[in-house]
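Here is a report on ring contacts and the parts of the fold they join. Please read it alongside the coordinates.

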Amino acid sequence: DLDEDEGIGEETAFYYYIPWRVLLLQRNRYALSASAFAWYFNHIDDSVLNVILNQILRSDIMQRLARMTIIRKFNVNIAGVENADIFRNQGHGISAIIDLKDQFTAPNISVSLSMAKRRGSLFVEIVRETINNLLEISGHNDRQLKKLAVLAQEDYTSMPEPLDILNARLFEQIEVDLTEDRRLPYERRREALREAFSRRLPELREMFGC
């Protein structure tokens, strides 16, 4: 017998560093997703501009991807696409994937593009553009994008290297002790976020600092 604005809620702690516009969001089994966090601010106040959370990738993975001139294989998996509107007008690569989804009325999409044994490369710029656009779209719904990976090499003298883009998202795992009554007070979660930020500070400063 609860009203619509009542119920059991799971608190979520976050830490926002204004100079770099970097947000650390507590995640666990029960806490809300990053996309739900953005949805809240987009709907709670009409004066707020559209909030989109772009995932921060490890600097090393982006540097390695930038060095690659040959892409041998590109894998994408998108799940639970009920409304494909956010994928529209997001570049030729994504449009082609969504066209397949529409033609077969499939909610889940798994695409693997490969050069197989043939010498050469997939269109590098389109692959990079598609990766960037998919990461941006995942800011709207971070549960849809399930796989984003490439097999690439710097040149024909180097060995192909697998790059798991999606699993290169920046995260930290912090152990926090519960209280005697098995609670997790906000103060302890807040300190955990500060510790996570401190651990990643050198890498964040390299990417966003001045």
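Phe-41 has a relative accessibility of 29%, so it counts as partly exposed. The classes are buried (under 20% relative accessible area), exposed (over 50%) and partly exposed in between, with a 1.4 Å probe and protein chains only. Phe-37 is at 10% and therefore counts as buried. This is a predicted model: local features need pLDDT of at least 70, side-chain atom pairs count only at pLDDT 80 or more, and totals for chains, interfaces and linings use all residues. Residues are numbered from 1 along each chain as its sequence is written, and side-chain values use heavy atoms, with hydrogens and water left out.

The aromatic pairs come next. Rings of Phe, Tyr and Trp (its six-membered ring) pair if their centres lie within 6.5 Å; planes under 30 degrees apart count as stacked, over 60 as edge-to-face and the rest as tilted. The count comes to seven aromatic pairs. Two of them are tabulated here.

| Pair | Class | Centre to centre | Angle between planes |
|---|---|---|---|
| Tyr-15 and Phe-197 | tilted | 5.1 Å | 40 degrees |
| Phe-37 and Phe-41 | tilted | 5.1 Å | 55 degrees |

What does the Tyr-15 and Phe-197 pair tie together? Tyr-15 lies in strand S1 and Phe-197 in helix H5 (residues 186-208), so the pair joins parts that are 182 residues apart in sequence. Helices (H or I, at least four residues) and strands (E, at least two) are DSSP runs, numbered from the N terminus. Tyr-15 is partly exposed at 24% relative accessibility. Phe-197 is buried at 8%.

The other tabulated pair sits within one helix. Phe-37 and Phe-41 are four residues apart in helix H1 (residues 34-44), so about one helical turn separates them. Ring pairs also link Phe-14, Phe-37, Tyr-40 and Phe-41 into a cluster.

Phe-14 belongs to strand S1. Its relative accessible area is 39%, so Phe-14 is partly exposed.

Strand S1 (residues 14-17) pairs with strand S2 (residues 22-25) in the antiparallel sense, over four bridges. Pairing requires at least two DSSP bridges between the strands. Tyr-16 has Leu-23 in S2 as its bridge partner. S1 and S2 form a hairpin with four residues between them. In the turn, Arg-21 has a positive phi of about 55 degrees.

The charged end of Arg-119 sits over the ring of Tyr-156, 3.8 Å from its centre. The criterion is NZ of Lys or CZ of Arg within 6 Å of the ring centre and within 35 degrees of the ring normal.
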